[in-house]
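Here's a quick briefing on charged side chains and annotated segments. Have the structure open as you read.

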Amino acid sequence: MIGNEMTLLKKENKKQTREIKEEDKDMIKNIMRSMSIFKLNSYDTEVVKRDLIGMAHELRLRNSSLKEEINGDVKGFAKEIINNGNGPSKIEIILNFLSKLFGWISIWLMSVSIIAYGQFNWGMNSNLFVFYIITVIVIFIMESIITPIFIAEKGFKKNIPQIISTFSFIALIGIILLTNNNSEKIQVNSLYIIIPSAVIYLIIQYLKKINIHRLAREKNNYISDLK
């Protein structure tokens with residue numbers, strides 16, 4: 001059953017979502033996007049989604065909607081949920097970052113080896129790994145912190161995450177191009193990096209499932225009626 005708590009919740013939420021109004025689907029989507037893993041762990045977030053779907057069903061019977069119920073204040077409503085929640089899971093935050101770091105490095109090196117060089121032995125730029133790690137950190141911060149903060153904003157503020165992302169990647173690409181010729185190239189068989197990274201990625205996925213199991217066990221069990 002390890003890890004199945006989240007799977008069961010997601011499956012049931014997806015099923016129940018089909019029966020609510022499109023307007024409520026959009027509202028729930030925006031509220032969920034406001035939930036950062038730095039504010040609320042992913043298991044509790046899925047439980048919140050289940051509650052919102054149930055709320056939407058009840059409001060539909062009263063010819064009302066979530067938007068009317070919360071007066072369109074997605075940001076305030078999400079803040080209230082977060083304040084009443086159990087907080088983030090530090091283990092989950094670390095595992096999510098490491099998952100991106102090792103998962104993407106496997107895919108990135110595999111793609112470069114096959115598409116760009118047609119082989120696994122090629123001269124790697126020593127600076128690339130530094131910029132790769134910085135890139136993963138920037139993406140992780142954008143997805144987990146910046147985007148949720150501005151998701152409920154309107155007008156110019158709504159575009160701030162996109163603007164920050166664009167300038168960040170332009171800066172990174174510029175630094176790579178400026179230092180590319182001066183950095184040392186090392187002849188390496190990329191399989192020596194791809195395989196260990198892929199193995200570490202799989203181990204992290206297993207640890208993530210154990211952590212979800214722990215989060216579900218330590219709090220109220222919301223899935224007993226879904227089994």
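Glu22 sits out in the open: at 52% relative accessibility it counts as exposed, because the cut-off for that label is over 50%. Keep in mind that this is a predicted model.

**Salt bridges**
- The count comes to two salt bridges.
- One of them joins the side chains of Glu22 and Lys25, with N to O at 3.0 Å.
- Both Glu22 and Lys25 belong to helix H2 (residues 22–33), where they are three residues apart, about one turn of the helix.
- Lys25 is partly exposed, at a relative accessible area of 22%.
- Lys100 and Glu143 also form a salt bridge, and their closest N and O atoms are 3.1 Å apart.
- That pair ties together distant parts of the chain, with Lys100 in helix H6 (residues 90–117) and Glu143 in helix H7, 43 residues apart.
- Glu143 counts as partly exposed, at 43% relative accessibility.

**Positive patch**
- Lys29, Arg33, Lys67, Lys154 and Lys158 make up a positive surface patch.
- Lys158 is found in the loop between helix H7 (126–150) and helix H8 (160–180).
- With 51% relative accessibility, Lys158 counts as exposed.

**Annotated segments**
- An unreviewed UniProt entry puts the annotation "transmembrane region" on residues 97–117, 129–151, 163–180 and 186–207.
- Residues 97–117 are 100% helix and 0% strand, and the C-alpha atoms at the ends are 29 Å apart.
- Residues 129–151 are 96% helix and 0% strand, with the end C-alpha atoms 31 Å apart.

Key:
Residues numbered from 1 in each chain as written. Predicted model: local features only at pLDDT ≥ 70, side-chain atom pairs only at ≥ 80, totals over all residues. Heavy atoms only, no water. Patch = residues over 30% accessible without salt bridge, like charges linked within 9 Å, V, L, I, M, F, W, Y side chains within 5 Å. Areas by Shrake-Rupley, 256 points an atom, 1.4 Å probe, with all protein chains shown as cover. Salt bridge = Lys/Arg side-chain N within 4 Å of Asp/Glu carboxyl O. Lys, Arg positive; Asp, Glu negative; His and termini not counted. Charge placed at Lys NZ, Arg CZ, Asp CG, Glu CD. Helix = DSSP H or I, 4+ residues; strand = E, 2+ residues; numbered from the N terminus. Buried < 20%, exposed > 50% of the residue type's maximum accessible area, 1.4 Å probe, protein only. UniProt positions renumbered as here; feature names shortened; annotations may be inferred.
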